[in-house]
Amino acid sequence: MRRIVFIFMIVVVIAVVALYAFLEFRVNEIVFVADRTETWAFGREMAVRRLYNSNVDIDAFFATVEESLISADFTENEIFTAALASGNPEFFPAFYFNTYNPDISIDEFEFFARITQEFAPNQSNFNFVMTDLYLEIITDGPMISNVELRPENPAEKIPGTPVISDDGRQLAINLVNVWGYSFTITGTGRVTFQYTYDIATSNLFSSRALEEQLLIVHVNVLRGQNGDLVIEYINEPFSSLEEYLY
C-alpha cells in the first residue's frame, strides 16, 4: 500500500512540474500593430504607446490600415481601435517625452523622458518585457549636456555610462535598469530619439519573442514669432530595424 501511495505521489509531482513547465514555456506569438500618440501641456509633452497583439488576423488588420490611408475620414483613434480589435492585447510599452525652457530669455532646454509598461484596454496580464534597451540621440545643431539617469532598481548597478560625442551632438545610453533620464540642450533645432530593444517573456524561463524593435521620435525645438517656445513631436512609422532599413 505504501508503495502505491509513493508511486502516486511521484506521478502527481511529475504532473505538476510538467504543467508548470508547459505554462512557463508556452509563449503567445506577438506582432506590432499600432502606435498611439498623445500630446498635452500646449504640445510640450508627448507619449507614444506601442501595441503588440497575439492571435492577429493580419490580412483583416492591414486591409483596415490601407483603407485608412486612402480615406481621410479615419482618425488615429479609429485606427487604434481597429488595432485593438485585430487580436489579443499582450504588450503595451509607453515612451514619454517632456521639453521645457526654464529661462525663456536663453535657448537652453531641459528634456525629461521615461519608459513604462502599461495595460492596454482589455489586457489582463504582463507576459512580456523589454530587454536590451538602448537609446541614441542625435541633434542637427543643439549641444547636449548634463545627462542624468534614474535607475529602475536603485539596488542594482546601471550598466555602462552615457557617452556624448566630441561635438556634443550625439548621445548614446544603455537603458537597462533605467526608467527615466534627463539632459540639457543648448540651441534650437531638431533632436532625434532612436530606441532599439528586444521583447522577451516575463516568466521564470524567459525567452525572446521579438528582436530589433525600433522607435524613432523627432523633436523640433523652435522659437515662434513672439519668441515663445514651439515644440513639434514627430513619430516615425517604423516598428523594427527591418522596416527602417528596407
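A search of the whole structure, which is a predicted model, finds 16 aromatic pairs, where rings of Phe, Tyr and Trp (its six-membered ring) pair if their centres lie within 6.5 Å, with planes under 30 degrees apart counted as stacked, over 60 as edge-to-face and the rest as tilted. In one of them, the rings of Phe 95 and Tyr 197 have centres 6.0 Å apart and planes at 40 degrees, so that pair is tilted. Phe 95 lies in strand β4 (residues 93-100) and Tyr 197 in strand β11 (residues 189-201), so the pair ties together parts that are 102 residues apart in sequence; strands here are DSSP runs of E, at least two residues, numbered from the N terminus. Both Phe 95 and Tyr 197 are buried, meaning under 20% relative accessible area with a 1.4 Å probe, protein chains only.

The rings of Phe 97 and Tyr 233 are likewise a tilted pair, with centres 6.3 Å apart and planes at 45 degrees. Tyr 233 belongs to strand β13 (residues 229-235), and Phe 97 to strand β4, so this pair ties together parts 136 residues apart in sequence. Phe 97 is buried at a relative accessible area of 2%, and Tyr 233 is buried at 14%. Ring pairs link these residues into a cluster, whose members include Phe 111, Phe 193 and Tyr 195.

Turning to strand β5 (residues 108-117), Ala 113 lies there and counts as buried at 1% relative accessibility.

As for conventions, residues are numbered from 1 along each chain as its sequence is written. Local features need pLDDT of at least 70, side-chain atom pairs count only at pLDDT 80 or more, and totals for chains, interfaces and linings use all residues, while side-chain values use heavy atoms, leaving out hydrogens and water.

Key
Helix = DSSP H or I, 4+ residues; strand = E, 2+ residues; numbered from the N terminus. Buried < 20%, exposed > 50% of the residue type's maximum accessible area, 1.4 Å probe, protein only.
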